[in-house]
Amino acid sequence: MLRRTGTLGGCCRFELDQCRHSFSPPPSAPELPRLYYPAGSRSRKYRVGQEAGQMSLAQINHILKANEYSHTLPRGPASHGVLGFHSNMLPSNHPGEDRRSSATCLPGRGGVLFGVFDGHAGSACAHAVSQRLFYYIVVATLPLRMLEDLERAVEEERAVPPLLEWHKHPQDHSCPDGGAISFHSLRNYWQERLEDEDEDKDEKEEQQEDRGRVTSALINAFRRLDYDLSVEAQVHLSMSSPRWVSVPGEASSLSSPLRVALSGCTACIAHVSRGVLHVANLGDSRAVLGVQEPGGRWSAVSLTNDHNAQNPEELQRILGEHPLSERRTVVRHDRLLGLLLPFRAFGDVRFKWSAEMLSRVYETRPDVLSAVSEAARALPLHYLTPPYLSAQPEVTLHRIRPADKFLVLATDGLWELMHRQTVVQLVGEQLTGLQQQRPIIPGVGITLGGLQRLLLERRGRVLSVLEDQNAATHLLRHALGDDGYGAVAPNRLAKMLSLPAELARRYRDDITITVIHLNEPDL
């Protein structure tokens, strides 16, 4: 929550909650093939009667549920049509590079915000963005008169009205040491809004409830935060002498502006306000809507596009932004400059700054370079016409209908393992079919063995719903344990969770999932 915690240089600052991500994998296990799920799958069921190898069910559940979180919103206008949400994270990297956020916007029109963030070249950028982006979105959407009240409170050193009510797991997010810098940048943002925008026009747009205003605000918030991350890093660099002497712990701190800017992250944000859903996506995380069709059938509706080489429009966009002479080098091996998979991301200044600026970093700040991944420690080949990377999100507007039952936000670690229809089917069945057991009516010619199989499958469904009340945990269990035939094999699940840190990344990425419940399912 934003609140006044004292003054630094005459400015208030944010006080943000603290925590650390940790994951100690169990002992090693045999190698496993990667899992890929079909586009359409029948109901996922537990296979019973099998042992879970060396790992007990209690150990499996301890790992799967360590980061799960659920929250129910109070019914009424304040929920904006959101019933609640389930969330979970399972690291593969050590430490994990994914982050997640969820919060209620308190002033103005209000709304509920959800986000998943997939970090790369370290977790520093995802860490910073997961804590700061929602504040930028609030500032971008607030009416100017409320920003004026906010500015007066800061000037008069009064308590700053809270902007967000966070909903998070006790271990989510730790407060950056650069909280004062973060606040200073945010305050500059709202001061520029007050200087540049017309108050009469702002009030008219507010009265008209212009949906395009939210879209524009989301785009501006993304771009401004990325700009501020870059400026903060440049200021930090300019304060360093050529023979810079490191301060103990500064380079390894997640809040080091240079470390934040040299690493990067994708982001997928859902903003729900008064029954209208906006999804802002940057990179290759995804948002998928679970729709219950007449008759109870579930369908998956994608609300995002991947920003990578697999998207022809995105590929043409990035090729068109650079000279024809670079056509063979801008994207190589489906990666930006042969290095980066997503074509849009926060941070990653090694794809945005001038070659001269980057050379200065490499020459004067080896301490910071040692704290990021090896790929970020040298100038990319064929680095001729930066910037190559964009932080402009693609925004989708969707008016929530009665048939829209839930929204799944997830980093690419989930989508590499499961098709969107499989994901929606799993969550939908957990919400509906698994809540009531229909009687088994044997068909003509069914054998005793066939009847026994049907009974075992029904038993598996009961075990499934009892095992995971959290829909995000339910998806994790199936993503890692599916045997390819519609059953979760405990042996496979145990082996996947037993992989040591240095091996796990070869078989799966960090996985972060948030399932947002919008309407009660039809039973």
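The structure you are looking at is a predicted model, in which local features need pLDDT of at least 70, side-chain atom pairs count only at pLDDT 80 or more, and totals for chains, interfaces and linings use all residues. Residues are numbered from 1 along each chain as its sequence is written, and side-chain values use heavy atoms, with hydrogens and water left out.

Let us stay with H2 for a moment. The helix covers residues 124–141, and its end C-alpha atoms lie 26 Å apart, which agrees with the 26 Å that its 18 residues should span at 1.5 Å a residue; the expected span is 1.5 Å times one less than the number of residues. Of the 18 residues in H2, 17 are buried, where buried means under 20% relative accessible area (1.4 Å probe, protein chains only).

Helices here (H or I, at least four residues) and strands (E, at least two) are DSSP runs, numbered from the N terminus. By that count the protein chain holds 16 helices and 17 strands. Buried residues make up 57% of its 523 residues.

Now to strand E4, residues 98–105. Eight of its eight residues are buried, so the strand is largely enclosed by the rest of the structure. In a regular strand the side chains alternate between the two faces of the sheet. In E4, Asp98, Arg100, Ser102 and Thr104 are buried on one side, and Arg99, Ser101, Ala103 and Cys105 on the other.

Who are the partners of E4? Strand E5 (residues 111–120) pairs with E4 in the antiparallel sense over eight bridges, and pairing requires that DSSP finds at least two bridges. Cys105 stands opposite Gly111 in E5. The hairpin of these two strands has five residues between them, and there Gly108 takes a positive phi near 65 degrees. Strand E6 (residues 164–166) also pairs with E4 in the antiparallel sense, over three bridges, with Ala103 opposite Trp166.

Asp98 leads us on to Thr411, since a polar contact of 2.9 Å joins their side chains; such a contact is a pair of N or O atoms within 3.5 Å, where within protein one must be able to donate a hydrogen and the other to accept it, and residues adjacent in sequence count only if both atoms are side-chain atoms. Thr411 sits in the loop between strand E15 (404–410) and helix H11 (412–415), and is buried with a relative accessible area of 0%. Leaving aside neighbours within four places in sequence, the contacts of Thr411 (heavy atoms within 4.5 Å) include Val116, Phe117 and Asp118.

Methods: Buried < 20%, exposed > 50% of the residue type's maximum accessible area, 1.4 Å probe, protein only.
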